[in-house]
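Visitor: I would like to learn how to read a model like this one. Please take me through a few features.

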Amino acid sequence: MEINFTPLLPAAELLLTALTVLLLDLFLREEEKSFLAWISVLGLGVAFAMTFLLGGGQESAFQDSFLLDSFALFFSRFFVGVAGITVLSSVHYLRETKIREGEYYALILFSAFGMILMASANALILFFLGLETMSLAVYVLTGMWRDRSLAGEAAMKYFIIGAFATGFLLYGIALIYGAAGSANLGRIAASLSQPAEQRPLFLFAGIFLLFIGLAFKVAAVPFHFWVPDVYEGAPTPVAGFMAVGVKAAAFAGWTRIFLAQLAPLQSEWTVPLWVLAVLTMTLGNLLAVVQASVKRMLAYSSIAHAGYLLIGLVAADEAGGQALLFYLLTYAPMTLGAFAVVMALKEGDEDHETYSDYAGLGFKRPFLAMAMSLFMLSLAGFPPLAGFAGKFYIFRSAVVAGYTNLAIVGALNSLLSVIYYLRVIVMMYMEEGGAGGKSFAVAPYLYAAIAVGVIGTLYLGLLPAAALDLARESFLSLR
Amino acid sequence: MEPFAGDLSLLVFFPVLGALALLLIPRGRTQLLFQTALLFASLTFLWSLTLLWRFHPATGGMQFVERFSWIAAYGIDYFVGIDGLSLFLVLLTAFLGPIVILASWTISERVKEYLFFMLILESGMLGTFVALDLFLFYVFWEVTLVPMYFLIGVWGGPRRIYAALKFVLYTMAGSLLMLVAIIYLAARNFQVTQVMTFDLLRIYNLQLPYEEQIWLFLAFALSFAIKVPLFPFHTWLPDAHVEAPTAGSVLLAGVLLKMGTYGFLRFAIPLFPEATLAASPYIIALAVIGIVYGAMVAMMQGDLKKLVAYSSVSHLGFVMLGLFAFNLQGIQGAIYQMLNHGLSTGALFLIVGMIYERRHTRMIDDFGGLWKQLPIFSACFLVVTLSSIGLPGLNGFVGEFLILLGSFQTSPFWTAGAASGVVLGAIYMLWMFRRVVFGPLSRPENQRLEDLGAREMIMLIPILALILFMGIYPRPFLDRMKPAVELVVQRIESKKAATPLVQGVTQGREIKLHGN
């Protein structure tokens with residue numbers, strides 16, 4: 001049987017790099033291990049370049065179950081970029097916490113591989129494989145800082161809840177397979193062309209279970225309970241990686257499966273999704289207000305942002321899909337950047353994650369504080385930053401689709417979020433004391449990651465046109 | 001003279017350039033930092049004067065228009081221009097720029113950041129007044145929030161953090177709903193005209209059913225009413241004013257509040273004329289309540305800064321009253337009063353700041369008899385006080401007179417109430433002035449105070465000169481406003497003529513938004 005390997009290239013490249021890292025890890029001495037970070041970055045860079053060489057193509061492999069379209073490429077680049085920034089910001093953190101570098105980088109690469117699989121899968125089975133590859137790697141990453149009791153607890157919690165969610169998902173897939181006679185998304189969509197009354201009831205049960213499984217992965221309320229504890233226990237770079245990468249992967253799946261292929265059933269799942277969006281935004285923001293730790297606040301804020309993203313799914317169609325993809329783009333630099341600043345405050349065994357540790361940072365480390373202010377203002381949705389642009393198009397998609405009320409709920413939620421995002425700024429500029437933060441000389445790569453976040457936040461806010469076109473083109477390639 | 005493209009952009013972004021230049025100067029060289037900021041602010045002002053020079057007084061349309069595509073897929077343009085409504089607000093902003101930098105010379109902590117935010121704030125304010133694209137306007141509108149937040153929160157008084165957060169939350173509560181309304185408006189415009197645009201001048205032509213207008217008007221009006229601040233949305237103002245540093249108060253009162261009244265004039269009223277007409281009795285009532293209430297509360301204040309803050313509530317009530325008279329005199333008077341308030345209240349805050357720097361107290365009871373010790377200071381204070389009261393011959397009179405003249409034609413009853421506010425204004429201002437300046441110089445601390453220095457004179461003299469000039473010779477100002485104001489009045493008049501139609505739906509094409 002002839003297999004078309006071209007579409008697999010970026011994913012395969014990541015897999016190859018991960019294996020190289022694992023192998024090299026055996027031969028390198030302890031002090032040479034940071035070399036592995038460069039191998040990973042190099043591999044990611046090559047994969048990134050490949051996505052551009054493959055650009056514009058529309059190919060498939062494995063009997064149409066693995067697709068290479070603009071949508072898959074968009075997310076491949078996204079995940080490769082996120083993994084790259086995560087690796088950059090991890091270098092110093094790993095040295096500080098004595099987390100084993102070989103396994104760590106390999107696992108980041110494995111999970112990025114899984115994410116690409118999820119975004120490219122045109123069959124539910126392959127989607128599930130990608131999801132599990134990603135999840136297993138992230139479970140391990142969560143618990144990698146073994147000296148810390150919180151890490152073990154977080155990993156265990158994440159694993160159990162994740163396995164539970166996987167159960168829902170797999171059962172849903174099984175039911176859909178039973179109803180449609182195929183796991184291929186195209187054929188499932190084709191089977192929907194039969195008259196509505198002939199659709200078996202368990203098809204809806206399957207879709208409902210799939211829906212819940214995905215809601216767990218994006219941490220939509222009420223399936224969010226694991227998030228704060230897991231993010232807090234996980235090493236900070238991993239928390240950032242989860243907040244952006246894992247969430248985006250689940251949204252990629254949601255977009256491809258629900259918005260594109262199951263679109264005929266849209267009327268069935270819009271209402272629950274609407275409720276989910278409102279709950280996720282509101283509870284995420286309300287709970288974020290009362291947090292004392294910045295890292296936990298960021299965890300709840302990531303829940304709230306999942307809520308905004310769900311607005312795009314409710315709005316659906318071209319406007320919603322484009323806004324969703326664009327929002328993910330804007331969400332990545334500011335969230336990764338904020339987590340990187342959290343890392344920059346860590347000194348030795350002291351995590352320095354509470355608000356009061358940020359006191360006076362504005363005058364001790366002007367760059368860190370300036371960057372963090374930008375990220376906070378952007379997350380809160382102040383123009384002309386990326387977060388505002390993202391929210392603008394998400395709200396617009398809701399209004400255009402006739403859900404003005406959802407846009408109003410979103411706007412009021414942004415107001416709520418201002419309270420806790422500004423608290424960080426209050427601390428940094430209007431209080432005294434607190435932690436010192438790392439200097440550039442100590443952690444240059446971390447600063448580089450933060451700088452990337454700053455540039456992304458400003459660029460997407462000021463000149464979003466190109467990214468919007470990219471998001472639009474990627475979404476439209478789905479049909 | 002044919003204006004070349006880039007005139008307004010240069011004006012708006014020149015302070016940003018200054019802010020970036022500040023970043024290159026080492027932190028320790030405070031004098032150089034101040035001088036650079038002052039240079040950029042002064043050049044901005046000079047540039048605004050050349051715009052005034054080249055402004056065609058007889059044209060009602062937009063001048064110095066610049067436009068290029070920003071986000072093409074959504075029809076979002078960088079689109080700026082000025083007309084008679086915004087011209088003098090732009091000038092006022094540019095005029096106050098160098099003055100507030102001078103007023104900040106006594107800041108000793110974190111000078112670099114302070115001046116940085118000051119210049120960014122100036123750009124944001126200028127941008128708000130020249131933006132003609134709804135998206136661009138919103139961006140500038142929100143951009144002003146952040147530097148003001150820092151100015152209050154970092155360099156403010158003891159309750160600065162509370163005041164700064166309150167300021168931001170109040171303003172954002174309104175503006176986020178306005179954002180949804182802007183999006184809705186553009187989406188609706190697209191449905192009707194099939195043109196994706198946020199261009200204000202084009203959206204002016206959109207005819208919406210009455211019911212939709214009401215909702216959209218409410219969203220816009222809430223945002224602007226909080227900013228103005230219209231009673232009962234004014235509670236953030238005294239806190240913000242009292243805690244802000246002097247320069248922050250000056251800009252807050254002088255310019256930021258005008259963004260609210262300007263918003264009504266440029267956006268809420270012309271975009272939704274029918275809803276405006278329907279809402280006008282309520283707004284006029286709130287404005288008059290604000291006038292009287294602000295004056296009465298101001299009367300009871302022991303803190304000079306709070307007194308001036310509440311007097312702002314009262315004065316801005318006059319502006320709202322004039323705007324909602326919907327005739328030439330009323331609106332011209334309102335714009336004139338915006339300028340007056342910017343000058344006289346700005347000067348009052350400067351004066352309170354000067355006295356605070358000398359005595360570290362702002363309580364009226366701590367003063368008395370300053371006339372003997374500080375003659376020049378007291379003379380300046382007197383002129384500003386009289387201007388604020390509206391003494392004929394000074395600028396305040398022209399504005400208030402026009403407003404009352406205009407609003408008397410449409411709502412004589414409420415105008416009578418507003419006129420009583422003039423009397424109340426005279427009472428609280430003169431009473432305050434008497435207690436601070438006249439009487440025996442009993443306190444020993446006050447006997448050692450020094451009179452105004454050169455820097456302080458340079459700050460006050462231009463303002464005093466303008467106060468006199470605008471009081472004696474308002475023609476050049478009013479002439480330049482007139483054509484643009486007439487356009488607004490026409491727009492509303494044409495709706496008034498069609499009032500019988502308003503019951504239910506007007507001639508707007510009815511296309512329902514689908515879903516929901």
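Visitor: Is H352(A) buried or exposed, and why?

Guide: A residue is buried if 20 or more other C-beta atoms lie within 10 Å of its own, exposed if 12 or fewer, and partly exposed in between, with C-beta atoms placed from the backbone. H352(A) has 22 C-beta neighbours inside 10 Å, so H352(A) counts as buried. This is a predicted model: local features need pLDDT of at least 70, side-chain atom pairs count only at pLDDT 80 or more, and totals for chains, interfaces and linings use all residues. Residues are numbered from 1 along each chain as its sequence is written, and chains are lettered from A and ligands numbered from 1 in the order in which they are written.

Visitor: What about the backbone?

Guide: Most residues other than glycine have a negative phi, and most peptide bonds are trans. H352(A) has a positive phi of about 55°, although it is not a glycine. H352(A) sits in the loop between helix 13 and helix 14 (361-364) of chain A. Helices are DSSP runs of H or I with at least four residues, strands are runs of E with at least two, and both are numbered from the N terminus.

Visitor: Which loop of chain B holds F326(B)?

Guide: The loop between helix 13 (304-323) and helix 14 (328-359) of chain B. F326(B) is not a glycine, yet its phi is positive, near 55°. F326(B) counts as buried because it has 24 C-beta neighbours inside 10 Å.

Visitor: And cis peptide bonds?

Guide: Check omega. The bond from P383(A) to P384(A) is cis, with omega near 0°. P384(A) lies in the loop between helix 15 and helix 16 of chain A. The bond from V228(B) to P229(B) is cis too, with omega near -5°. P229(B) is in the loop between helix 9 (210-227) and helix 10 (236-243) of chain B.

Visitor: At what angle do helix 13 and helix 15 of chain A pack?

Guide: Axes are lines fitted to C-alpha atoms, for helices over the stretch in contact, and angles run from 0 to 180 degrees between N-to-C directions. Helix 13 (residues 317-345) and helix 15 (residues 366-380) of chain A pack at about 145°, with axes 9 Å apart. Two residues are in contact if their C-beta atoms, placed from the backbone, lie within 7 Å. The helix 13 side includes M334(A) and G337(A), and the helix 15 side includes L368(A) and F375(A). The contact residues divide into 9 nonpolar, 2 polar and no charged. Ala, Val, Leu, Ile, Met, Phe, Trp, Tyr, Cys and Pro count as nonpolar, Asp, Glu, Lys and Arg as charged, and the others, Gly among them, as polar.

Visitor: How many residues does each chain give to the contact between chains?

Guide: Chain A gives 28 residues and chain B gives 30. Helix 17 of chain A supplies the largest share of the chain A side, 12 residues. By class, that side has 23 nonpolar, 3 polar and 2 charged residues.

Visitor: How do the strands of chain B pair?

Guide: Two strands pair if DSSP finds at least two bridges between them. Strand 1 (residues 63-71) and strand 2 of chain B are antiparallel, over 6 bridges. One bridge joins Q63(B) to I82(B) in strand 2 of chain B. The two strands form a hairpin with 4 residues between them, and G75(B) in the turn has a positive phi of about 65°. Strand 2 (residues 76-82) of chain B is mostly covered, with 5 of its 7 residues buried.
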